[in-house]
Amino acid sequence: MPLSSGALFAVGLFAALWLLAGLWATVRGIAMQRRSAFVAGQAERLASLVEASPQLPVIVRADWRIEASERLGRWLGLERGPRNFDELRGLGSGLDAQGHDALRQAILGAQRGAKPFTLSLRPESSNRTIIIHGAAAPQAVGGPGGVLLWLSDATDGQQALAHARSERDEAMAAFEALSGLIEAAPFPMWFRDTDLALALVNKAYVRAVEAKSAAAVIDGAIELCETVAGVSAAEAADDARAAGSAQVRTIPVTIEGERRIMRVVDVPLAPEGGRVIGIAGYAIDIQELESERGAHRRFVDTQRELLDRLSAAVAQFGPDQGLSFANLPFRRLFGIEADEVAEAAPFARLLDAWREGGRTPEVRNYPEWRQAHVDWFAQPGASEEDWLLRDGTHLHVVAQPTPDGGMLLIAEDKTEQVQLAGARDTLLRVRTATFDNLFEAIAVFAPDGRLHLWNQRFRRLWGIDEGTLAAHPRVDALMGGLADRLVKPNQISVVQEVIRAATLERQQRGGEIGFADGRYFDFASIPLPDGNALLIMLDITPSRKMEGALRERNEALEAADQVKTAFLSRMSYELRTPLTSIGGFGEMLQAGYAGKLGDQQRAYVDAIMDSVAVLGRQIDNVLDLAQGEAGTLAVEREPVDVRALLEGALADAKLLADGEKVELVGNLAPDLGEIAGDAPRLSRLVAGLLDNAVRYTVPTRRTGGRVLLHAAGDARGVDIIVSDNGPGIPDAVTAVTKGQQAGTASGGIGLALARQLVAAHGGTMEVVSEQGQGTLVRISLPRGA
């Protein structure tokens, strides 16, 4: 049956309402779902916050069930979180019995009387400290009879509190110890408050100001330091407070009635970043220090003045390695200026400057060498080196570190010593070479009789091996084994005695010894200036042989001289007698005893008489020469008129000169005077010189020959000069002119006799001859006998 419109409307309306209801239910469900999710999120957040909270909430129900997180088990050292109150105890973990009971009683009090409580419990076998705050739980949280507990881990806080208490106790103990130390300090100490008034002083302060007690000092405001330069003690403390740092003054202070130099220090006390709470001060007696400092300063000045007088170069370097002093020799040696000493130039920089100036040795790696020498400051002991500089200077350098970290550098110029040492070594080598090449055997003995030096000739002479001599034996031990080498073995004691006399008695002695092999030696021991004795042995074997030969020759010469003397004596008789007879008969013929002679006969007789006269003079010359050589020439001393003597000689030589066509010139001074002499011999002397001059001039000069006789005199004597322009004296006659030979095979007897006659008269004769130019004979005769 069809529905009516009203029914349809009703059905449609119902369906619409139903749809609307469904839509509302859906929207409501969605909203509730969202609210439930928000509430769940909030609950989860609150749970996370509670879990992250340093405090742990625990709910204890009326039936003693426990609601808590797993952290409670960890805090109590349990294996799992407890679910009831009794599980708060465990075997060796959880709460102990006393703590468990105390917590139970506190919970019961909260359940019954709603009384809050606070407990501090420590689980067994744990260092953890748990603070429990308990109170009745709200009805909505714990239900009826529930108790809410808030647990917090106070382990760190308790430890910090214990540490703070420990630090406090230590600080108090340190303060008490510091107070005791300040009180027992031997120097005055004090403390000022913010008003700069004295608030604390120690016993040394009380004694220094001669007060009865510390209270009297504080009450009387007795200051230790008086006003100096317008600054009082309080004002000095105020300056330290204003500066925010310690202030130091050195002022005179009266201590126990005695004036002393004190170093006063004011120190502002303030916590870090805070304001000043007071001024602490102390005073140190530096009287002795200042005295010692002054004495040290004077000592340093004296030392440096002394170092300036030394020849060695000395420099001092401070702990900062800077040059603090250099004496004058050091500055000269290394070329250091005064400003370099004043500016305390570092040692390393000085080394660089010295290297540039050639005052350091040339090395391959200079940086390494430089660092090694800078390290001298840190060496435990002295360092020594020898430096050879570019200019040949030798330096001996000593670096001595000083206790204060500095260094004392000493440089000594060893150039002269090195040169002397080299010269000494050279001299020793020269001495050794000289000794070994001497013809003499030489040995030097020390004052104790030991052999000190010897040469190889000495070793070979005695036949001793080098090892024995190198042992430096004593003279008695050495000579004792050499006696068998002598002709007379007992003569070895003479050698020992000579050496002993030179070493001990400082007397020079000598002697002669003969060896068994036929050699002979002269020996002498000479004292040396150093106390040693020099033994010299000279081989005289050739001299002995020559002496024998000379002795034999001398004997032969003596025999020949005797023969010559006998010959001259015989010749004087054998020649002069016939010559006298010839002269006598010639004079008779000239006188006409045999009848009148013709001109030719007279010429023959005159020639005979001239030859007789010449031969007579030659015989006289030979006899005089022989007597002169024998030392028996007798000279008569009578006044002789020199001019008359020379004029007579000129007249005699005139005939020969004219015959040979030689110009004979006389140049005689008028004041020749007289001399003391033998007139016949002097006449023969001059005549012989003129005769020689004429005869030696003729052969080479057929024309132009000239002979000059010159004579001059003074108060002391007479000079007679005979000169010619002939060929000069032959070389063979030169020895005769010098008086070294009596005559030669070619002549020269006249010159030898002339020299003897002049010497017999106390005069001198000089002969000057030039080949091809002529000859000059100068005779100087004295006036007196």
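This is a predicted model: local features need pLDDT of at least 70, side-chain atom pairs count only at pLDDT 80 or more; totals for chains, interfaces and linings use all residues.

Before anything else, a term: I count two strands as paired if DSSP finds at least two bridges between them. By that rule β19 and strand β20 (residues 533-539) pair, antiparallel, over 7 bridges.

The β19-β20 hairpin has 5 residues between its strands, and glycine 531 in the turn has a positive phi of about 95 degrees.

Then I checked the other partner of this strand. Strand β18 (residues 509-514) pairs with strand β19 (residues 520-527) in the antiparallel sense, over 6 bridges. Arginine 509 sits opposite serine 525 in β19. In this hairpin, glycine 518 takes a positive phi near 95 degrees.

Next I went further along the chain. In what order do the strands of the open sheet run? I read β22-β24-β25-β27-β26, 5 strands with mixed pairing. Its edge strands, β22 (663-668) and β26 (764-770), each pair on one side only. The twist averages 10 degrees from one strand to the next. Within the sheet, β24 (residues 706-713) and β25 (residues 717-724) are antiparallel over 7 bridges, and leucine 708 has serine 723 as its bridge partner in β25.

Last, the helices. Helix α21 (residues 642-659) lies across β22, β24 and β25, at about 175 degrees to β22. α22 lies across β22, β24, β25 and β27, at about 150 degrees to β24. I noted buried residues in α22, including Arg681, Leu685 and Thr697.

How values were computed. Residues are numbered from 1 along each chain as its sequence is written. Side-chain values use heavy atoms; hydrogens and water are left out. Buried means under 20% relative accessible area, exposed over 50%, partly exposed in between (1.4 Å probe, protein chains only). Helices (H or I, at least four residues) and strands (E, at least two) are DSSP runs, numbered from the N terminus. Axes are lines fitted to C-alpha atoms, for helices over the stretch in contact, and angles run from 0 to 180 degrees between N-to-C directions. Contact means heavy atoms within 4.5 Å.
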